[in-house]
Amino acid sequence: MKALVLQHIACEPPGVYEDVLLERGAAIHRVELDEGDLLPDWRDFDLIVAMGGPMSVNDDADLPWLTAEKQRIGEAVRAGTPYWGVCLGSQLLAASLGARVYPGPNPEVGLLPVSLTGEARGDPVFADAPHDLVTLQWHGDTFDLPDGAVRLASSPRYANQAFRFERAYGVQFHLEVSAAMAREWAEVPEYVTSLERTLGAEGAPAFLAAIEQSADEMRSAGRDLFDRWLDRVASGP
């Protein structure tokens with residue numbers, strides 16, 4: 001299995017998803033787009049995993065590599081390449097399929113539940129998941145569903161939390177984060193500033209501490225979803 005990993009900042013790697021790939025003997029080719037790495041030909045890979053980042057999918061003027069990334073993702077997904085997108089990665093999927101990505105009414109930040117939709121009960125990845133999942137949310141943008149997509153999860157504030165388009169899945173939330181990753185985020189000034197704007201000076205460290213405490217539970221849920229995606233979707237014809 002050859003996996004293409006699209007990263008947009010060093011401190012947001014695939015986490016538990018990468019653990020699963022390595023356990024299965026996958027060969028991982030990591031591209032750090034924010035560092036100027038060039039996108040390889042997606043046809044050389046069996047699947048794509050796209051992670052989060054602090055930028056917006058609409059920042060093409062400042063980050064012109066976003067334009068090429070969205071084009072390549074759209075080509076790959078429409079050709080049937082399995083795709084797993086997380087947070088920014090889910091918004092990139094939506095945008096690459098022609099859907100609108102835009103600022104939400106308020107940032108959604110915290111350890112917050114998402115609820116599965118009725119359509120999720122017939123989905124190969126989400127059917128066996130609990131109806132309510134505790135997830136790490138940290139985003140200000142949201143998106144419309146692309147034509148032909150199926151909504152799989154929602155939250156009270158944002159209707160589109162997970163969706164499927166053929167063999168491509170986008171999840172707005174994080175389930176991959178380890179306690180070590182949370183500690184690393186606490187050392188990134190831009191992340192701390194963002195948290196303080198949303199949660200206040202006292203809320204930011206409490207949120208990061210809560211991530212550490214809940215990381216194992218969330219990673220277990222993330223592992224289950226990703227395992228099913230690999231077994232039931234990515235490994236198909």
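Predicted model: local features only at pLDDT ≥ 70, side-chain atom pairs only at ≥ 80, totals over all residues.
**Exercise 1. Which strand and which helix each supply at least two residues of the lining of the largest cavity?**

Residues are numbered from 1 along each chain as its sequence is written, and side-chain values use heavy atoms, with hydrogens and water left out.

Step 1. On a 1 Å grid over the protein atoms alone, a cavity is a set of points where a 1.4 Å probe fits but cannot get out, and lining residues have an atom within 4 Å of a point. The search of the whole structure gives 1 cavity of 30 Å³ or more.

Step 2. The largest cavity holds about 60 Å³ of space, where a volume is the space filled by probe spheres set on the points, and grid points are joined across faces, edges and corners.

Step 3. Its lining consists of Leu4, Leu6, Leu39, Pro40, Trp42, Ile48, Glu69, Arg72 and Ile73.

Step 4. Helices (H or I, at least four residues) and strands (E, at least two) are DSSP runs, numbered from the N terminus. Strand E1 (2–7) and helix H2 (65–78) are the elements asked for. H2 gives the most, with 3 residues.

Step 5. By class, the lining of the largest cavity has 7 nonpolar, no polar and 2 charged residues. Here Ala, Val, Leu, Ile, Met, Phe, Trp, Tyr, Cys and Pro count as nonpolar, Asp, Glu, Lys and Arg as charged, and the others, Gly among them, as polar.

**Exercise 2. Describe how H2 packs against helix H3 (88–96).**

Step 1. The angle between H2 and H3 is about 75°, and their axes are 8 Å apart. Axes are lines fitted to C-alpha atoms, for helices over the stretch in contact, and angles run from 0 to 180 degrees between N-to-C directions.

Step 2. H2 is therefore roughly perpendicular to H3, since angles under 35 degrees count as roughly parallel, over 145 as roughly antiparallel, 65 to 115 as roughly perpendicular and the rest as oblique.

Step 3. In the contact (heavy atoms within 4.5 Å), H2 contributes Leu66, Glu69, Lys70, Ile73, Gly74 and Val77, and H3 contributes Leu92, Leu93, Ala95 and Ser96. These divide into 6 nonpolar, 2 polar and 2 charged.

**Exercise 3. Describe how helix H5 (residues 189–199) packs against helix H6 (residues 203–234).**

Step 1. The angle is about 110°, with the axes 8 Å apart. H5 is therefore roughly perpendicular to H6.

Step 2. H5 and H6 cross in a right-handed way; a crossing is left-handed if the near helix is turned anticlockwise from the far one by less than a right angle, and right-handed if clockwise.

Step 3. Leu195, Glu196 and Leu199 of H5 touch Gly203, Ala204, Phe207 and Leu208 of H6. The classes are 5 nonpolar, 1 polar and 1 charged.

**Exercise 4. Are helix H1 (residues 16–23) and H6 perpendicular or oblique to each other?**

Step 1. Their axes come within 9 Å and cross at roughly 45°. H1 and H6 are therefore oblique.

Step 2. The crossing of H1 with H6 is right-handed.

Step 3. On the H1 side are Val16, Tyr17, Asp19, Val20, Leu21 and Glu23; on the H6 side are Arg219, Gly222, Arg223, Phe226, Asp227 and Leu230. This contact has 6 nonpolar, 1 polar and 5 charged residues.

How values were computed: 1 Å grid on protein atoms, 1.4 Å probe; cavity = no way out; pocket = protein on both sides within 12 Å on 5 of 7 lines; lining within 4 Å.
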